[in-house]
Amino acid sequence: MRYSQSLIPTLKETPAEAVVASHRLLLRGGYIRKLTAGIYSYLPLGLAAVRKVEQIVREEMNRAGAQELLLPMVQPADLWHETGRYQKYGPELLRFRDRHDRESCLGPTHEEVITDLARREIRSYRDMGKNLYQIQTKFRDEIRPRFGLMRGREFIMKDAYSFDVDDEQSENCYQLMFDAYKRIFTRCGLDFRPVEADSGTIGGSFSHEFMVLADTGEDTLVICSSCKYAANMEKAAVKAPAADDAPLLDLEKVETPGKRKVAAVCDFLDIDPSELVKTLVFLADGEPVAVLVRGDREVEEVKLKNQIGAVEVEMADDKQVYDATGVPTGYLGPVGIKVKLLVDSEVAAMKNFTVGGNEKNYHMKNVNIGRDFEGTTVADLRQITKDDPCPECGAPITLREGIEVGHIFKLGTGYSEAMEAYYKDRDGEEKPMVMGCYGIGVSRVVAAAIEQNHDENGIIFPMPLAPVQVILLNLGINDAEISKVAESLYAELQEKGVEVLLDDRDERPGFKFKDADLLGIPLRVTVGKRLTKDGVVELRQRKDGSTEELTPEQLSDRVLALIDSAMKAAQ
Ligand code: ATP
Ligand code: MG
């Protein structure tokens, strides 16, 4: 590839909207351009990096016995009505009507389409045991598209779906995919962790997310310092403490004028937030529910959602709280409360705590479950903190930020039953297909790789994902000898299978060096004045800035050796 012929519009300035490194550097490096919110064009180098990820994904999916196909992006709404997701999916599903007034949508995922295909084409147990995947552009009308390729509205995904005869076969497939994903992200050269993820109604440990460790990640991971436990914070269980056996004190109603926030109430009453219990109201599919958690804790909405089997859970606003309970925000408590109440297991172990008084400007002290109110539903509902022990082994845990690049999920028979995807087993009996689904955010992988690998000068691509392996700088465009050697190295490297970008622009050396750093190509070869003076060219590694001087004859072997060792390191 010649720079002069390619479209690599690098930018000196950082575009104002880019707050994370990958977004900033992909724009500055001329890898992508924004068309409109959350929708990007991939320029030649951006596409080359995406293709690298795709290639690795393809090889490993094929090796695991999966088959590639390509499904339509436009999907009829009828299929989504069959599973009830036309309603449930919410505004992320982009819906429209065609010229015949037929409801349609743009595929955010393909369970419905693939299940429709399976129910038509697969009849017998003999045809089961299929894992089908595609690499395709998805559309999700994300509420907050941001961070460039990290959370787009249009993005490239690999999605696979498996159809098996029973749970055992399905779980074998799940394990195959788990192993394939580990190989994929290792081969991408990424520092990642598989973590247990929320599996909604399926239960068991049949949902894992693959997380690239990076400070800008939108997910928090819980990692045990001692055992193998690693989970998404949403899922991480909190061990319930032993019950406090203090004697019950007399209930007391106290005036707390204008004190609504935990900190203000605690200051005023001279108690610790761990002695106070918050009563928080959520709307679960529109229905109000109240949750009790300790004053210094947060409710984990995913746990709440699973506990009550709701599709959507959101915090109620002041008006909704008042409408549901008749109590102004800040003074709500469990004693005599009018809405369904859930109690976090930590609170269930507490005695003599302080709560809102269910009346403006009042709180209650020495409140106790059972005596003062019924705490019938007790569950693990709070978010884990860094000071909690590992739920598996009790050792200390650490919290890390991560970017979700992959997700594998056992689906069971939910979709196949809703869509009547049955097969005939050995005895001629009709049985629902047992399904799994397995996604990778292909375009997000490129962004995640950059979040993990960059410095103040630009991207530092891991060798396996770099759009090209070598950038070759001709620093003497108008010098016959320099140009001749640069051209011949360009030809020689390509002949030996090396991917090279030849910077043949008539620009100053400093300018070319800056662009080379920004683009993050792993190896940089400079042909310039040192050639005419000493007969050498320079080879520099982007990752550590180390340089060596070689004769043009030595160069290609050394480049091949460096590429080889970088690729081997990621295996
Ligand atoms: P998230 O929690 O980040 O929204 P998700 O749970 O909605 O992800 P899945 O439905 O499991 O994601 O999709 C499979 C993969 O597609 C994800 O693991 C992620 O890597 C990628 N992905 C999902 N949404 C986006 C997006 N808006 N932009 C880029 N990649 C995405
Ligand atoms: Mg999402």
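Which residues lie nearest the centre of the second largest pocket? They are Lys 278, Thr 279, Leu 280, Thr 329 and Gly 330, out of 25 lining residues. The model is a predicted one, in which local features need pLDDT of at least 70, side-chain atom pairs count only at pLDDT 80 or more, and totals for chains, interfaces and linings use all residues. Residues are numbered from 1 along each chain as its sequence is written, chains are lettered from A and ligands numbered from 1 in the order in which they are written, and side-chain values use heavy atoms, with hydrogens and water left out.

Start with the whole protein. It has 16 helices and 31 strands. Helices (H or I, at least four residues) and strands (E, at least two) are DSSP runs, numbered from the N terminus. The C-alpha atoms fill a box of roughly 95 × 70 × 50 Å along the principal axes. Of the 571 residues, 52% count as buried. Buried means under 20% relative accessible area, exposed means over 50%, and partly exposed lies in between (1.4 Å probe, protein chains only).

Now return to the pocket. A pocket is an open set of points on a 1 Å grid over the protein atoms alone, with protein on both sides within 12 Å along at least five of seven lines. A cavity is a set of points where a 1.4 Å probe fits but cannot get out. Lining residues have an atom within 4 Å of a point. Grid points are joined across faces, edges and corners, and a volume is the space filled by probe spheres set on the points. The second largest pocket has a volume of about 510 Å³. Helix H7 (262-269), strand S14 (277-284), helix H9 (318-325) and strand S18 (353-356) each supply at least two residues of its lining. S14 gives the most, with six. By class, the lining has 14 nonpolar, five polar and six charged residues. Here Ala, Val, Leu, Ile, Met, Phe, Trp, Tyr, Cys and Pro count as nonpolar, Asp, Glu, Lys and Arg as charged, and the others, Gly among them, as polar.

The structure also holds one cavity of 30 Å³ or more. The largest cavity has a volume of about 30 Å³. Its lining includes Val 238, Lys 239, Asp 344 and Arg 382. The lining divides into three nonpolar, one polar and five charged residues.

Next comes ligand 1. Of the 14 residues around it, Arg 140, Glu 142, Arg 151, Gly 152 and Glu 404 come nearest. A residue counts as near if one of its heavy atoms lies within 4 Å of the molecule. Several N or O pairs fall within 3.5 Å, the cut-off for a polar contact; within protein, one atom must be able to donate a hydrogen and the other to accept it, and residues adjacent in sequence count only if both atoms are side-chain atoms. A backbone N or O atom of Met 150 lies 3.4 Å from a nitrogen atom of the ligand. A polar side-chain atom of His 407 lies 3.3 Å from a ligand oxygen atom. A polar backbone atom of Gly 441 is 3.3 Å from an oxygen atom of ligand 1. The protein covers 81% of the 590 Å² of accessible area that ligand 1 has on its own. Such areas come from the Shrake-Rupley method with a 1.4 Å probe; for residues, only the protein chains shown count as cover. Strand S8 (154-164) and strand S21 (397-412) are the elements that give two or more residues to the shell. S21 has the largest share, four residues. By class, the shell has five nonpolar, four polar and five charged residues.

S21 also carries Lys 410. Lys 410 counts as buried because its relative accessibility is 8%. Its side chain makes a polar contact of 3.0 Å with the side chain of Asp 167. Helix H12 (residues 442-452) has 10 of its 11 residues buried, so it is largely enclosed by the rest of the structure.

Two loop residues complete the tour. Phe 147 sits between strand S7 (130-139) and S8. Its phi is positive, about 60 degrees, although it is not a glycine. Phe 147 counts as buried because its relative accessibility is 14%. Asn 361 sits between S18 and strand S19 (362-367). Asn 361 also is not a glycine, yet has a positive phi of about 70 degrees. With a relative accessible area of 23%, Asn 361 is partly exposed.
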